[in-house]
Amino acid sequence: SPAHDPSSDNTFISEYQISNPAIYGKTIQEIRKSADCQFVISRVWKNEKLIIPTSETVLENEILTEEPEIADEIVSLRDKTINFCRGCFACQKTQKCVINDDAIEICQKALEANVLVFATPIYYYEMSGQLKTMLDRLNPLYPSDYAFTDVYFLSSAAEDEEEVPERAVNGVEGWVECFERAHLAGSVFMGGVTAAGEKPEH
């Protein structure tokens, strides 16, 4: 591992093969607290399968414990009816939006999810209008006992410059910061994409 000065603000991006038995049986959160330097485990490969761990993921001998089947669901906004937020703030008292459309069901799913992953194409250097409208309509979650702590953001665009997704990432970060128990756990951008399914390997 690279030498680390505790007083330094340097950030290292490294790849490791985990072989230290002292970390087995501990969560990533526990390992990070006991480490001399701050680090993030953003992804783990096991048996040729990519795993995106949370802070509660337990590291075991070899790499990770076999985890129980994780229930996940992909919700596409393409065919959903999602109207604009009215800014009435009634949901802050009732935890339910007054507008009766598809956003109510999606909001309930987000409430119960342990991890949220938002994905969008980048239009004019920002997230899609559909996603922005949906984020606004998730306002009933703010006073609720939401389950999620880790939020991930995936984006793609025809342009492949590094700065292309910055405004969209900032927008999601602003939404996440409204939820005290949540944090943006990771962001992945794929440039050079001009059509759906163009890069199936990703």
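These legends walk through the overall fold and several close-up views of one predicted model.

In this predicted model, local features need pLDDT of at least 70 and side-chain atom pairs count only at pLDDT 80 or more, while totals for chains, interfaces and linings use all residues. Residues are numbered from 1 along each chain as its sequence is written, and side-chain values use heavy atoms, with hydrogens and water left out.

**View 1. The protein chain with its helices and strands.** Let's begin with the whole chain. Five helices and eight strands make up its elements (DSSP runs: helices are H or I of at least four residues, strands are E of at least two, numbered from the N terminus). Starting at the N terminus, the order is β-α-β-β-β-α-α-β-β-α-β-α-β. Of the 202 residues in the protein chain, 29% are buried (buried is under 20% relative accessible area, exposed over 50%, partly exposed in between, with a 1.4 Å probe and protein chains only).

**View 2. An aromatic cluster around Tyr-146.** Look for six residues here: Phe-118, Tyr-142, Tyr-146, Phe-148, Trp-175 and Phe-179 form one aromatic cluster. Across the whole structure, a search finds seven aromatic pairs (rings of Phe, Tyr and Trp, the last by its six-membered ring, with centres within 6.5 Å; planes under 30 degrees apart are stacked, over 60 edge-to-face and the rest tilted). Tyr-146 and Phe-148 are stacked, because their ring centres are 4.6 Å apart and their planes are at 25°. Both of these residues are buried.

**View 3. The pair Tyr-146 and Phe-179.** How are these two rings arranged, given centres 5.2 Å apart and planes at 90°? They are edge-to-face. Tyr-146 sits in the loop between α4 (129–137) and β7, and Phe-179 in the loop between α5 and β8 (183–190), so the pair ties together parts that are 33 residues apart in sequence. Tyr-146 is buried, with a relative accessible area of 6%, and Phe-179 is buried too, at 3%.

**View 4. A negative surface patch.** A salt bridge would be a side-chain nitrogen of Lys or Arg within 4 Å of a carboxyl oxygen of Asp or Glu. Glu-159 belongs to the loop between β7 (150–156) and α5 (166–176) and is partly exposed, at 34% relative accessible area.

**View 5. A nonpolar surface patch.** Val-115, Val-117, Leu-154 and Val-188 make a patch of about 280 Å². Val-188 lies in strand β8 and is partly exposed, with a relative accessible area of 37%.

How values were computed. Patch = residues over 30% accessible without salt bridge, like charges linked within 9 Å, V, L, I, M, F, W, Y side chains within 5 Å. Areas by Shrake-Rupley, 256 points an atom, 1.4 Å probe, with all protein chains shown as cover. Lys, Arg positive; Asp, Glu negative; His and termini not counted. Charge placed at Lys NZ, Arg CZ, Asp CG, Glu CD.
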